[in-house]
Amino acid sequence: MSEPSPLEALHAEYAQLHRQDPNTLTQDQKRSLTIYSAEQTWRDTGDIADTAPRDIADWIRSMAALEAFVRSEGRLPRENRRLPPGAISAEEKRSNNSIRAQRRSYAAGRLCSYQVRRLLCVPEFSFHPTEDRWRANYAAYAHFTTAHGHAPRLRSTDDAEQALARWAAKTRMARRAGTLSPAKVATLNELNFWAWGAPGRRT
């Protein structure tokens, strides 16, 4: 028997919670169940009950549009101002704006538990994409130096190695500009073959 998907597991959990005595639920659980129930109605009938609050109805429609885009394109919507005009469709822009709004709401503590976990069921979605990319590059840099015994080189003919070298250069620039956190500086100092200036220098 195959493992349930993250979305299936989430819905199973809230289906069970739905059978619990309402008097035992927290406010977060009650709002989560309201959204879960409205979304289930949407999935079953293609419509949202008139009794559903407008903000919940809008949220469910935005989620449906986002997931439809991801299924169609195999990726999250982009926000790239360097692309030529018209390269990003109106649909993609709307979905990207929705993602940005969700991240702002999360940072402000306005999302309930169900909304947070539901968004994380969307492939590749993250509330902290910049931090996640930094950590992924850090891990890739550490793996590269362990495997090859030297730092990535910009003049390499390997695209992946060049990308890591560019990341390292941008990270050093961020430190010089004062925008790299002390925690990240300390983390990078633990790497083999890491230098802040000329090769061999660590300060």
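Biologist: Is Trp194 buried or exposed?
Modeller: Trp194 is buried, with a relative accessible area of 2%. Buried means under 20% relative accessible area, exposed is over 50%, and partly exposed is in between, using a 1.4 Å probe and protein chains only. Before we go on: this is a predicted model, where local features need pLDDT of at least 70 and side-chain atom pairs count only at pLDDT 80 or more, while totals for chains, interfaces and linings use all residues. Residues are numbered from 1 along each chain as its sequence is written, and side-chain values use heavy atoms, with hydrogens and water left out.

Biologist: OK. Which ring does Trp194 pair with edge-to-face?
Modeller: With Trp196: the ring centres are 5.3 Å apart and the planes are at 80°, so the pair is edge-to-face. Rings of Phe, Tyr and Trp (its six-membered ring) pair if their centres lie within 6.5 Å; planes under 30 degrees apart are stacked, over 60 edge-to-face, and the rest tilted. Trp196 is buried too, at 5%.

Biologist: What else is in that aromatic cluster?
Modeller: Trp194 and Trp196 share it with Trp134, Tyr138, Tyr141 and Trp167.

Biologist: And which charged residues sit over those two rings?
Modeller: Arg172 lies over the face of Trp194, 4.4 Å from the ring centre. Arg175 has its charged end over the ring of Trp196, 4.6 Å from the centre. The rule is NZ of Lys or CZ of Arg within 6 Å of the ring centre and within 35 degrees of the ring normal.

Biologist: Switching topic: how many aromatic pairs are there in the whole structure?
Modeller: The search finds 11. One of them is Tyr14 with Tyr114, edge-to-face because the planes are at 80°, with centres 5.0 Å apart.

Biologist: Where in the chain are those two?
Modeller: Tyr14 is in helix α1 and Tyr114 is in helix α5 (residues 113–119), 100 residues apart. Helices here are DSSP runs (H or I, at least four residues), numbered from the N terminus. Tyr14 counts as buried at 5%, and Tyr114 is buried at 0%.

Biologist: Last one: where is Gln102, and what does it touch?
Modeller: Gln102 is in helix α4 (residues 90–107) and is buried, at 9%. Leaving aside neighbours within four places in sequence, Gln102 is in contact (heavy atoms within 4.5 Å) with Trp59, Leu111, Leu119 and Phe127.
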